[in-house]
There are 2 protein chains.
Amino acid sequence: MSDRLTRQITFLSEADKLKSVMRASRLHDASRFENSAEHSWHVMLYAFVLADQAGPEVQIDRVIKMLLLHDMVEIDAGDNPIHGQVDADAMAAEEQAAADRIFGLLPADQAQHFRALWDEFEAAETPDAIFAKSIDRVQTPIGNLANGGGSWTEYNVTFDQLEARVGTPVKRGAPGLWTWLLPQLRRFFTL
Amino acid sequence: MSDRLTRQITFLSEADKLKSVMRASRLHDASRFENSAEHSWHVMLYAFVLADQAGPEVQIDRVIKMLLLHDMVEIDAGDNPIHGQVDADAMAAEEQAAADRIFGLLPADQAQHFRALWDEFEAAETPDAIFAKSIDRVQTPIGNLANGGGSWTEYNVTFDQLEARVGTPVKRGAPGLWTWLLPQLRRFFTL
Ligand SMILES: [Ca+2]
């Protein structure tokens, strides 16, 4: 038991590093960039509040736990902004290695359980993962609208790029949210 | 529906401010103080990983949601360090007013649901809330051990104060965790 607890606390202490992984997005007041730990908290709150945007087959408690873990690989692999230039294969390999190492710190049963949840999120095929992905994608645009453009301005994002990179997953998992957001996005990108 | 969603997004945007509420505790690498949003993420991860420290009557999914909301009142009331000097009645009144305002941004059914979860956490009487409180209290000591003292040093905390303020709730909700932590705390405070 004591060895089990030692492994668990080792994992939890390693997790502290996610607070130092910086994202391309800023806080709503634009005062600084957001880190991946506080982003994870925020998207979990999004999932809980916006649960009625999910289909009846979605289990919100599982979605919340997926979002709790979804960015942990960034401790090793860093955040890859969706509007940045990325070698997708290299990034996927780096994230797989990160998942091996980080979830591997846990006792074997938990390592397997957590890894399976993360794999499910990444694959984006189950209803829970599809909804989790849509929630993960919708937080930044809402922040960018609040802070005057944020990562859109920094990455010279066009409306068409936004529709492809954000609209596609949001429409898939939470279509009502995209319908609500679209006129606001159009207004911003027309200005 | 659209008005409901507008209220929900207003609440979620207000929540962004929790990322700017600073705590007395530091990151494990001591590089800076921790904010209440990333702290909330971290304690949810603690609850998920350390679920086997809870009694069989504890529902971890409810604990995680309590911890997701537990510090939101700090947007108005600020963080009150447990080792600081506080007027407990004034603080409770301030936090009640904050809960009224912040949860009140939500649609009425959710405002009531979220407020009830937060009230349950605060009252610390149900098994879920007792476990959530113990998890909330145990994260900072583990960080302080990692960063060489942190808030203990800044507040001149003694071992007896720590045992009263942290040991009491941790023993109540997660006694195995306190048994594991105690020798490490004794070693630190003897040095
Ligand atoms: Ca607190």
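# Reading a predicted two-chain model

Author: In this predicted model, a salt bridge of 2.6 Å, N to O, joins the side chains of Glu34(A) and Lys19(B). This pair crosses between chains: Glu34(A) belongs to strand β2 of chain A, and Lys19(B) to the loop between α1 (2-15) and β1 (22-26) of chain B.

Reader: What is the general idea behind such a pair?

Author: Side chains of opposite charge can pair when their charged atoms come close. In the present case, the rule applied is a side-chain nitrogen of Lys or Arg within 4 Å of a carboxyl oxygen of Asp or Glu.

Reader: Is Glu34(A) buried or exposed, and is Lys19(B) buried or exposed?

Author: Glu34(A) is buried, because its relative accessible area is 2% and the limit for that class is under 20%. Lys19(B) also counts as buried, at 0% relative accessibility.

Reader: How many salt bridges cross the interface of chain A and chain B?

Author: The rule finds six across that interface, while a search of the whole structure, over all chains, finds 32.

Reader: Which salt bridges lie within a chain?

Author: One of them joins Lys133(A) and Glu122(A) at 3.8 Å, N to O. This pair links distant parts of the chain, eleven residues apart: Lys133(A) lies in helix α7 (residues 127-147) and Glu122(A) in helix α6 (residues 108-123). Lys133(A) counts as buried at 19% relative accessibility, whereas Glu122(A), at 32%, counts as partly exposed. Another joins Glu38(B) and Arg32(B) at 2.7 Å, N to O; Glu38(B) is buried, with a relative accessible area of 0%, and Arg32(B) is partly exposed, with 28%. There is also a network of salt bridges that links Glu14(A), Lys17(A), Asp76(A) and Arg101(A).

Reader: How many residues are in contact, and what area do the chains bury between them?

Author: The contact involves 50 residues of chain A and 50 residues of chain B. About 4,400 Å² is buried between the chains, 69% of it on carbon and sulfur atoms. Lys19(A), Trp41(A) and Phe48(A) supply 18% of the area that chain A buries against chain B, more than any other three residues.

Reader: How does one read a positive phi?

Author: Most residues other than glycine have a negative phi. Here, Ala30(A) has a positive phi of about 65°, and this residue sits in the loop between β1 (22-26) and β2 (33-35) of chain A. Asn156(A), likewise not a glycine, has a positive phi of about 50°; its place is the loop between α8 (150-154) and α9 (159-173) of chain A.

Reader: Which protein donors does the calcium ion have?

Author: The donors are Asp71(B) (OD) and Glu74(B) (OE), 2.7 to 2.8 Å from the ion. Asp71(B) and Glu74(B) are both buried.

Terms used
Residues numbered from 1 in each chain as written. Chains lettered and ligands numbered in written order. Predicted model: local features only at pLDDT ≥ 70, side-chain atom pairs only at ≥ 80, totals over all residues. Heavy atoms only, no water. Donors = N, O, S within 2.8 Å, 3.2 Å for Na, K, Ca; no water. Buried < 20%, exposed > 50% of the residue type's maximum accessible area, 1.4 Å probe, protein only. Contact = heavy atoms within 4.5 Å. Buried area = accessible area lost by both parts, 1.4 Å probe. Helix = DSSP H or I, 4+ residues; strand = E, 2+ residues; numbered from the N terminus.
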